[in-house]
Amino acid sequence: MEEKDIHKDHRQRLRERFNKDSNGFSKHELLELLLFYAIPRRNVNPVAHKLLSKYGSLKNVLKADARDLSETDGIGESAATYLNVLGKALDVIAEERQDEMKVYSPEDARIYLLNLFKGSRTEKFCALYLSKTNKIVFREVYTSDSEDKVNVETIPFSRSFLNVKPYAVVIAHNHPSGNPNPSSEDDASTEKLAMLFALNNIRLYDHLIVGASDIYSYRNDGRLEKISQSVNLRFTGL
């Protein structure tokens with residue numbers, strides 16, 4: 001009981017120190033803090049040292065194979081999965097930072113979207129949020145339970161609007177059939193989204209439909225301009 005109290009007090013002191021000033025923490029102390037939430041009521045200081053000694057860096061610990069991690073004394077399957085999740089989160093953060101440095105390019109978008117939707121048997125929906133200078137500030141991918149269409153009414157755009165505050169949006173979805181040509185339903189969905197974006201003072205920059213090897217662009221085909229004009233007429237009442 002006395003030993004458990006010592007560990008409990010140590011954990012509390014380390015948390016308080018981190019909350020007060022996170023600078024100056026060593027790698028093993030940071031890893032120890034992480035392990036607090038994966039391994040309760042145990043002294044994880046030796047475990048943190050073992051992991052850093054085995055893998056050489058904090059990054060390598062978080063990127064290590066889960067089965068290999070779980071073979072380390074003091075690390076079980078649950079803790080290994082926890083560390084892997086943190087490693088994956090770092091990958092996503094790194095991707096988001098790269099996006100923030102990129103200026104939107106139709107060719108880059110083409111490559112990204114063809115790879116994103118490659119081999120997909122269900123329809124997915126992707127949104128690229130742009131700044132006023134056309135930098136990609138955020139991207140989001142939505143999945144659908146339907147094999148042939150995405151129900152745009154159920155996509156939670158409003159949350160992204162509030163958090164990201166984009167200037168413009170490029171929307172894209174795939175056709176599992178492989179044919180990128182738009183349908184009448186795609187036209188109706190594009191108009192609904194254009195209206196939604198306009199109500200939030202956001203510009204719909206393009207709607208892309210991804211096929212097996214090609215992409216259709218509403219913007220390049222001139223159809224987006226017609227849809228935008230139709231939306232503007234509804235607002236002006238002319």
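Residues are numbered from 1 along each chain as its sequence is written, and side-chain values use heavy atoms, with hydrogens and water left out. Because the model is predicted, local features need a pLDDT of at least 70 and side-chain atom pairs count only at pLDDT 80 or more, whereas totals for chains, interfaces and linings use all residues.

The protein chain averages a pLDDT of 85, and 87% of the residues score at least 70; pLDDT is the predictor's confidence in each residue, from 0 to 100. Confidence is lowest in helix α8 (residues 157-164), with a mean of 73, and highest in strand β5 (residues 215-217), at 96. The chain contains 11 helices and 5 strands, taken as DSSP runs numbered from the N terminus (helices: H or I, at least four residues; strands: E, at least two). Of the 238 residues, 38% are buried; buried means under 20% relative accessible area, exposed over 50%, and partly exposed in between (1.4 Å probe, protein chains only). Among contacts (heavy atoms within 4.5 Å) with a separation of 6 or more, 61% join residues 24 or more positions apart.

The 5 strands form an open sheet of mixed pairing, in the order β2-β1-β3-β4-β5. Strands β2 and β5 stand at the edges with a single partner strand each, so one side of each has no neighbour in the sheet. From one strand to the next, the twist averages 20°. Helix α7 (residues 106-117) packs on the sheet and touches β1, β2, β3, β4 (203-210) and β5, its direction making about 150° with that of β1. Helix α9 (residues 184-199) also packs on the sheet, where it touches β1, β3 and β4, and its direction makes about 155° with that of β4. For these angles, axes are lines fitted to C-alpha atoms, for helices over the stretch in contact, and angles run from 0 to 180 degrees between N-to-C directions.

Strand β1 (residues 124-130) is largely enclosed by the rest of the structure, because 6 of its 7 residues are buried. Strands are taken as paired if DSSP finds at least two bridges between them. β1 pairs with β2 (residues 136-143) in the antiparallel sense over 7 bridges, and Leu128 has Arg139 of β2 as its bridge partner. The two strands form a hairpin with 5 residues between them, and Asn134 in the turn has a positive phi of about 70°. β1 also pairs with β3 (residues 168-174), again antiparallel, over 6 bridges. In this pairing Cys126 is the bridge partner of Ala172, and Phe125 stands opposite His173. The pairing of β3 with β4 is parallel and spans 7 bridges, with Leu204 in β4 as the bridge partner of Val169. β4 is mostly covered, 7 of its 8 residues being buried.

A nonpolar core is a set of buried Ala, Val, Leu, Ile, Met, Phe, Trp, Tyr and Cys residues joined through side-chain atoms within 4.5 Å. The largest such core has 23 residues, and those with the most contacts inside it are Leu31, Leu35, Leu51, Val61, Leu69, Ile75 and Leu83. Helices α2 (27-36), α3 (45-55), α4 (58-63) and α6 (77-101) are the elements that give two or more residues to this core, and α3 gives the most, with 5 residues. Another core, of 20 residues, lies apart from it and includes Leu193, Phe197, Leu204 and Tyr216. Beyond its neighbours within four places in sequence, Leu35 is in contact with Val44, Val47, Ala48, Leu51, Ile75 and Leu83.

Ser160 lies in helix α8 and counts as buried, at 3% relative accessibility. Not counting residues up to four places away in sequence, Ser160 touches Tyr129, Phe138, Glu140, Tyr142, Lys165 and Pro166. The C-alpha atoms of Ser160 and Tyr129 are separated by 8.9 Å, although these residues are 31 residues apart along the chain. Lys165, in the loop between α8 and β3, is exposed at 65% relative accessibility and has a positive phi of about 55° although it is not a glycine. Asn201 lies in the loop between α9 and β4. Also not a glycine, Asn201 has a positive phi of about 60°, and its relative accessible area of 73% makes it exposed.
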